[in-house]
Amino acid sequence: MSKAYFTIKDQTENLIVIERSKFICNIKGVENEEDAKAFIESIRKKHSLANHNCYAYIADDKGLIQKFSDDGEPQGTAGLSMLEVLKNKKMYKTVAVVTRYFGGIKLGTGGLTRAYGGSVSECLTKAKILDMQESSFLHINLEYEWYSKLLKLLTNPNVSIISTDFGNSVVVDFAVKSDKAQDLIDKITDVFNGKLFVDNKGSGFFAF
């Protein structure tokens, strides 16, 4: 896995107009390639009367599952420029669709490349970006009397509490950046004199 990547929190739309042509960018975070394809199809249906619905996506957290389409625009002018924006900004698990309603003025290959790439770039400035960090997911079951002390240890920019369940005891699930995980486990062990067991539930990516 790569150390970190970025993705979109919520679907975002942005419109730019160039020489009377409307370029509508829709961008969204996805879990996999199937999600990306479904999103592209939904935009195609929504804008079925548009001249072009070009797309690009990177559908995994390694940056390996990539695809783009010019959808009738001159080859290399639309989808590839969109994909390059996603790659350069390390936007993984992300799909972008740019819908064009032709305004009657041809832009030329250079103009089209700038328009499609610029449409994605501008939409990204409007979107809520998630910084996905390689993380360990930890779990602790503890007595109420120890909870406040644990909470102080978890109040840390490298840690994010996912859930807290208050039942017969307190159950806390939290994420910690992978390179900080062992230090935190050691600190918890030290503070509680080895009386608290930290269960490692695995690793993955999490937004801090």
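Here is a short chat about the predicted model shown above.

Colleague: Hi! How many helices and strands are there in the protein?
Modeller: Hello! There are five helices and 10 strands.

Colleague: And what does the C-alpha trace span along its principal axes?
Modeller: About 75 × 30 × 25 Å. The radius of gyration is 22 Å, whereas a compact globule of 208 residues would have one near 17 Å.

Colleague: What share of the residues is buried?
Modeller: Buried residues make up 47% of the 208.

Colleague: Let's switch to aromatics. How many aromatic pairs does a search of the whole structure find?
Modeller: Nine aromatic pairs. One of them is Tyr 5 with Phe 205: the ring centres are 4.9 Å apart and the planes meet at 70°, so this pair is edge-to-face.

Colleague: Where in the chain do those two sit?
Modeller: Tyr 5 is in strand β1 and Phe 205 is in strand β10, 200 residues apart, so the pair links distant parts of the chain.

Colleague: Are Tyr 5 and Phe 205 buried or exposed?
Modeller: Tyr 5 is buried, with a relative accessible area of 3%. Phe 205 counts as buried too, at 13%.

Colleague: Which residues form an aromatic cluster with Tyr 5?
Modeller: Tyr 92 and Phe 205 form one cluster with Tyr 5.

Colleague: What about Tyr 144 and Phe 166, why is that pair called tilted?
Modeller: Because their planes are at 35°, with the centres 6.2 Å apart. Tyr 144 belongs to helix α4 and Phe 166 to strand β8. Tyr 144 is partly exposed at 42% relative accessible area, and Phe 166 is partly exposed at 47%.

Conventions. Residues numbered from 1 in each chain as written. Predicted model: local features only at pLDDT ≥ 70, side-chain atom pairs only at ≥ 80, totals over all residues. Heavy atoms only, no water. Helix = DSSP H or I, 4+ residues; strand = E, 2+ residues; numbered from the N terminus. Rg over C-alpha atoms; globule rule 2.2 N^0.38 Å. Buried < 20%, exposed > 50% of the residue type's maximum accessible area, 1.4 Å probe, protein only. Phe/Tyr/Trp six-rings, centres within 6.5 Å; stacked < 30°, edge-to-face > 60°.
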